Amino acid sequence: MKNNTSQSWKHPGNRQELLRSALLQAMGYTSADIEKPIIGILNTWGETNPGHLHFRNLAEAVKRGVWAAGGFPLEVNCLSICEVFFDVSSLIYRNLLAMETEELAARHPFDGIVLIGGCDKSVPAQLMAAATVNKPTIFLPGGAMLPGNYRGETLCCGTDTFKLYNRYISGELTWQQMMARAGCLYGSVGACPIMGTANTCQTAVEAMGLALPGSASSLGVSAEKARQAEMTGRRIVEMVAEDLTVDKILTPDSIRNAIRVIMACGGSTNLLIHLKAIMHRAGFDLDLMEFDAISNDTPLLVNVKPHGNHPVGEAFHHAGGVPAVMKELEGKLHLSCMTVTGRTVGENLQDAGFAYDRDVIRSLANPLMPTGGMCILKGNLAPNGAVIKRSAATERLLHHRGRAKVFDDLAAAEKWLADPASPVDEDMVVVLRGYGPKGAPGMPEFGNYLPVPPALHKKGIDDYLRITDSRMSGGCFGSIILHVSPEAQVGGPLAAVRDGDIIHVEADENLLEVELSEAEIASRLKDFVPREHADIQRGFLKNFIDHVQQADEGCDLDYLAGSF
């Protein structure tokens, strides 16, 4: 269906022109306003989302810029998604927000679109829609929050939350001591101040050219962010005049740039799923092994949590942010890619400087690690792929053989791991399955919820190998193999694993296997019965279960994903 625009919507010389002009004037606008390009501001503000709570002010700044540049701004509110406020996996609602954003952007009389988002499902949802609608579009990242502080110790929400809980179950902290830090984990509204999924998404948007340079890492509550919002409003009016549509920016090479920057930043594994979905909406694809090849050719440069020492909110931006990382990677980037500035990546980087703080953003000559943050694994356990966040893993566990301990229930796994009497050891491989896209449903971040057993912690061992068809928070750490595809729910090989089976991982060889013959795996799967969702018989949840694709395909709905 053809997109709506202000000119087609007005129906000049038709009764509709009278009606629509009258209704706009009923809201206090003038006939002169109606003649300007109409800019849709799609705002994901909501009081159930601390990452987006400041977006009302940002939207006003965007409007200020639109008016100043000769446009007519109209704001529409969209679904606001925060993982913490949903009682099921919020990945489900990424697809709902993508549908909503697509319909709002395409069917309203908008000549150009400003997307305001920041959290980990909102950003990819909006980009999936933008790729589908293909109007002139610019993204305004909501920015990072300030870090917290407890008695002189800098704390950063997700990463330090996991660490605090591990200290609690190991007996180092009482419940009261742990909860005393709760109000000190977040310093303000905005995206969690770590290189978790939210800030990884915002970083990727800037790196692929769909946001103004420097806008991804600036603090959400800063005056700089408000100025960037106004500049975004000014720029979208120019983009409409230039007919600078999404397809001229979002290309295979711009995605390659985003992947490289993410790898240099030690970004979230969730971006593999999100980038796949965005690419498929745009009508092209990159093989997962290309992600791996880019990671192997990209040093880890950014020293921020969860893999490093510093917060994203403040330290990363003050060190130079995404432009400084891209400047360092300039020789490895596709410099001819167009951006929302109307200039190419290479032209933008002419104005960029190198990092101001070389402890936060390292040079190519002095990286944190010689390779990037992620590693793709394949084998008879994951024929279509799996991922491990190498920058957050323990080296010995990247080359490992161990006996499996299998769980089909998260609560049972948590209970067993936390029990001092459980026969745990550092060589075990804990398998949690049945929590993939269809199985959970929604592929929740349950990789986070497999804690370090107190029995290991007391021996000074704070990591062990975990394998799951679910996801994990970008703020998490540890040796956790994720996104095993196909998932157990659809009869993937993970469903065949039993206690005591030997699992073998060789990250340098991209290998993940169970030491069983193909015949034995097939024999075991003959009796496999998937988990039923008897309590889900209606609504969007049912729609999601029936139509969601696998992790390696992006977890979009099969009837929305583009052809390529």
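Okay, let's start at one residue: leaving aside neighbours within four places in sequence, Ser-80 is in contact with Thr-44, Trp-45, Gly-46, Thr-48, Asn-49, His-52 and Phe-86, where contact means heavy atoms within 4.5 Å. Before I go on, this is a predicted model, so local features need pLDDT of at least 70 and side-chain atom pairs count only at pLDDT 80 or more, while totals for chains, interfaces and linings use all residues. Residues are numbered from 1 along each chain as its sequence is written, and side-chain values use heavy atoms, with hydrogens and water left out.

Back to Ser-80. You'll find Ser-80 in the loop between strand 2 (72-77) and helix 5 (91-107); helices (H or I, at least four residues) and strands (E, at least two) are DSSP runs, numbered from the N terminus. Is Ser-80 buried or exposed? Ser-80 has a relative accessible area of 9%, so it counts as buried (under 20% is buried, over 50% exposed, partly exposed in between, with a 1.4 Å probe and protein chains only). Its side chain also makes a polar contact with the side chain of Asn-49, at 3.1 Å. By polar contact I mean a pair of N or O atoms within 3.5 Å; within protein, one must be able to donate a hydrogen and the other to accept it, and residues adjacent in sequence count only if both atoms are side-chain atoms.

Now the cores. The largest nonpolar core has 120 residues, and Leu-42, Met-208 and Phe-316 are among those with the most contacts inside it. A core here is a set of buried Ala, Val, Leu, Ile, Met, Phe, Trp, Tyr and Cys residues joined through side-chain atoms within 4.5 Å. Apart from that one lies another core of 27 residues, including Val-429 and Ile-521.

Zooming out, buried residues make up 61% of the 564 residues in the chain. The chain comes to 20 helices and 14 strands. Its radius of gyration is 24 Å, close to the 24 Å from the globule rule, so the chain is as compact as a globular protein of that length (C-alpha atoms; the rule is 2.2 Å times the number of residues to the power 0.38).

Arg-151 isn't a glycine, yet its phi is positive, about 50°; Arg-151 is exposed, at 77% relative accessible area.
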